[in-house]
Amino acid sequence: MKSAMWRVSVSLSSPAVALLLALTTACGEEAPPPDPELPPLVGGLEVPISLRNDGATPTNALRIEISPSAMHLDGHALFEMTRGRPAESEVTDAGYPTLLSRVQSSPAHTQAALTVHGVVPYGTTVRVMQTLLAAGYHEFSFAVRTADGSPTIRWMTITSPEIAPSSGDVAMEGTVRPWEDFTSHWSEVYDACRGGHYVDCDGLPAVSAPGGHLQLELWTRGSGMILRFDQTDMADAGVPAAAPTVAMLPGVPQPSSDDMPPPRAFTTGAFSFRAEEATQPTSAISATTRPVCATAVCPTVVVADDITPTMRVISLLGAAFPNGSTAPRLAFRIPE
């Protein structure tokens, strides 16, 4: 007798198959879909204006968005903010531990892309950078916009910045410029400063202390900005900082009387501007740094109060080193 053959047909919509699929998922053979990304926190017209905006669009980047009310990591909520600040429990001297933990547990990326609302305090932005450096990130792309009012996002790239304490000397290792790189262009820098919305411009002094190295400080507070070219490492140059020997600058005659004491030697040149100068399409800030920093790396320290809006810092950086100029060697001071 021939055996009978049975055919069993089961509909894919049957309760049995639905149960089987549910059990399969529950056993871990198929992971649940990830949580959907949240809408963008910051719009194109809310990021800072920068005259340095020719960075490449980030790819394979860790994405951080910071608004006055929240911080997101890769499109997912990290923590809430109050006026651009996280809760005090989220802050340590080393940065933001919650952010560090999340970054370290996230897939590795080649760079960090930061989209920061312009009014977020500088103290928040610099501590995010401090945390990312601790996590091994050394290339940062800041979302910016151009001075023509376009909402199109552009990028300003910062590579291997340092985080410096709120006070004390900053050793800019790997970048050394002689002080004379500034003093030989002092007259050009002064003339450029006077061409914009300036507050004060240090004119060419009679004498300058020789030796030492050049360091540029970018300082902003409220509606003011200062470019200060400082002479550093005087002891290393063999010149006592308290009573430096002096040398007459080119074009300045020696004092005519032997009884006349030599003029005080200048070891700094400061050039002050109103904040709106940093967002002008053709900025006098750019013209002021150009003779010294356009074609050679300038060691630069960024200084701002904790509450200074990030847009002031980013705009000042962009104006000091606009498109086409050599990227600086940067150190950001942690505010007090």
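Which residue does a disulfide join to cysteine 193? In this predicted model, in which local features need pLDDT of at least 70, side-chain atom pairs count only at pLDDT 80 or more, and totals for chains, interfaces and linings use all residues, the partner is cysteine 201, with an S to S distance of 2.0 Å. Residues are numbered from 1 along each chain as its sequence is written, and side-chain values use heavy atoms, with hydrogens and water left out.

The structure holds 2 disulfides, a disulfide being a pair of cysteine sulfur atoms within 2.5 Å. The torsion about the S-S bond of cysteine 193 and cysteine 201 is about -75°, so this disulfide is left-handed. Cysteine 193 has a relative accessibility of 0% and counts as buried; cysteine 201, at 9%, is also classed as buried. Here buried means under 20% relative accessible area, exposed over 50%, and partly exposed in between (1.4 Å probe, protein chains only). Another disulfide links cysteine 293 and cysteine 298, again with S to S 2.0 Å. Its torsion of about -85° makes it left-handed, and both of these cysteines are buried. With the bonded cysteines numbered in sequence order, the pairing is 1-2, 3-4.

Cysteine 193 also belongs to helix H5 (residues 186-193), whose buried residues are Trp186, Val189, Ala192 and Cys193. These residues cover an arc of only 130° around the axis, which puts them on the same side of H5; the arc is that of the directions from the helix axis to the C-beta atoms. Helices (H or I, at least four residues) and strands (E, at least two) are DSSP runs, numbered from the N terminus. The buried residues of H5 pack against H4, strand S8 (198-201), strand S11 (224-232), S13 and helix H6 (284-293), where contact means heavy atoms within 4.5 Å.

Aromatic rings were examined next. Rings of Phe, Tyr and Trp (its six-membered ring) pair if their centres lie within 6.5 Å; planes under 30 degrees apart count as stacked, over 60 as edge-to-face and the rest as tilted. The count by this rule is 6 aromatic pairs. In one of them, the ring centres of phenylalanine 79 and tyrosine 96 are 6.1 Å apart and the planes stand at 80°, so the pair is edge-to-face. Phenylalanine 79 lies in strand S3 (residues 76-80) and tyrosine 96 in the loop between S3 and helix H2 (97-105), so the pair ties together parts that are 17 residues apart in sequence. Phenylalanine 79 is buried at 10% relative accessibility, as is tyrosine 96 at 2%. The rings of phenylalanine 182 and phenylalanine 271, with centres 6.3 Å apart and planes at 70°, are likewise edge-to-face. This pair links helix H4 (residues 180-183) to strand S13 (residues 268-274), across 89 residues. One aromatic cluster is formed by Trp179, Phe182, Trp186, Phe229 and Phe271.

Strand S3 takes part in an open sheet of 6 strands, ordered S3-S2-S1-S4-S5-S6 with mixed pairing. The edge strands are S3 and strand S6 (154-159), each of which pairs on one side only. Strand S2 (residues 70-73) and S3 pair in the antiparallel sense over 4 bridges; two strands pair if DSSP finds at least two bridges between them. Within this pairing, histidine 72 stands opposite alanine 77 in S3.
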